[in-house]
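Please look through the structure shown here with the explanation that follows, which goes from single elements to the contact between chains.

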Amino acid sequence: MCVRKDNCWCISKKAQHEIVGFVLIVVVVVIVGIIFLALSLRTRGMEIQESIEAGNFLDAALGLTTDCALNYVPNYVTLEELIRACNNGKTCVDGKKACEVMNSTFLHLLERSWKITEDSYVKGYRLRIYANRTSILEDITVLAKGNCTMGRSLGAMRMIPSRDEDIVVEFRICYSTTSVQ
Amino acid sequence: MKKLYVNYTERKAQLKIQEMIFMLLAVVFFFILIGLFMLSVKLKQLNKQASQLDEEKAASMLLSIANLPEFSCPDKALCVDTDKLMALNLSIYENFFELKKLYFVILYPNTSNVLCTMANYPNCSIFIVVDKGQETNDKATFVKLCRQEKESGYYYEKCAFGKIIVGV
């Protein structure tokens, strides 16, 4: 209801200003809320979590007695010692290279422990052994199978002390996105 | 004129109050929606974490069984002495553990899938401690299975890679 003509003009303009202000507040709040949501829900690529199962696999594997004797028979070495021997370029008493025996042993262990099929919950695995030489990482071997680019990972790491460097055994199991197990 | 002016002021105040109420309602409603959405996402993450914790708990239980003095290697963790398993009278352990199934299985290097007896040990790969023949929910983890071996007149410890399987 208008009292005076110019007062009507002021009232209608003022109402529009109020509405615009209200809409601006709502828009700002929505934008802030969306940014906050996006930040809190963001996944940092493949998250790798420490797993007892993967750790037990490495512990049991590293303690396995291999077919390789380094000095004399029957001084057969464990897989841990074989990794060290491979890093130092040693050869077994039967003439096979330590690295060759190490790779084939790990391949057998991985094949028998983790069945990867289309329906399995384990979609892939990756075993990487590298030497940490004064902050330069040099791969000794990398064994991988399946798809480890998507989904969730559980893994474990073990350090093997060697002469001037540390050898690291890193194992990662990749699961499907639907369930961990 | 004065009455008109007073009505106009009252009306304006009412409109302002209404405007504020609507704005507050809208903001509260918006935050409630956001909160519900966040809650559902967090609950989903919690479920995943709970399931993973269950698995970790099961693995720990398995390790504690493997580390029992009846089965474990001397001075070694995560190691089962298969010589002890063969020497023990395993039938007395049927009801010792509250388990329906307890197996030790060698995965490498021996994969014969043969049940171990005094006649075929160590050329076998499955050690049954408990098997009540019931349906079970199996949990397993990796262990070393070690024994004493003699070759060329020397005794040495030979360890295989295997699993402990428990059925509850």
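Helix α2(A) is mostly covered, since nine of its 11 residues are buried, where buried means under 20% relative accessible area, exposed over 50% and partly exposed in between, with a 1.4 Å probe and protein chains only. The buried residues of α2(A) include Glu53(A), Asn56(A), Phe57(A) and Leu58(A). Helices (H or I, at least four residues) and strands (E, at least two) are DSSP runs, numbered from the N terminus.

This is a predicted model, in which local features need pLDDT of at least 70 and side-chain atom pairs count only at pLDDT 80 or more, while totals for chains, interfaces and linings use all residues. Residues are numbered from 1 along each chain as its sequence is written, chains are lettered from A and ligands numbered from 1 in the order in which they are written, and side-chain values use heavy atoms, with hydrogens and water left out.

Chain A as a whole contains four helices and seven strands, and along the sequence these follow the pattern α-β-α-β-β-α-α-β-β-β-β. Of its 181 residues, 37% count as buried. Among contacts in chain A between residues at least 6 apart in sequence, 53% join residues at least 24 apart, a contact being heavy atoms within 4.5 Å.

Strand β7(A), residues 166–175, is largely enclosed by the rest of the structure, because eight of its 10 residues are buried. The strands β6(A) and β7(A) form a hairpin, with four residues between them.

The contact between the chains takes 39 residues from chain A and 39 residues from chain B. The area buried between them is about 3,600 Å², of which carbon and sulfur atoms give 68%; buried area is the accessible area (1.4 Å probe) that two parts lose on being put together, summed over both. Ile52(A), Pro74(A) and Arg112(A) supply 15% of the area that chain A buries against chain B, more than any other three residues.

One salt bridge is counted between chain A and chain B, a salt bridge being a side-chain nitrogen of Lys or Arg within 4 Å of a carboxyl oxygen of Asp or Glu. Lys16(B) forms a salt bridge with Glu18(A), and their closest N and O atoms are 2.4 Å apart. The elements that give two or more residues to the side of chain A that touches chain B are α1 (5–41), β1 (48–50), α2 (52–62), α4 and β6 (152–161) of chain A. The largest share of that side, 11 residues, comes from α1(A).

Helix α4, residues 98–113 of chain A, holds Thr105(A). Is Thr105(A) buried or exposed? Thr105(A) counts as buried because its relative accessibility is 4%. Not counting residues up to four places away in sequence, Thr105(A) touches Leu64(A), Leu79(A) and Tyr108(B).

Definitions and conventions
Pairing = 2+ DSSP bridges.
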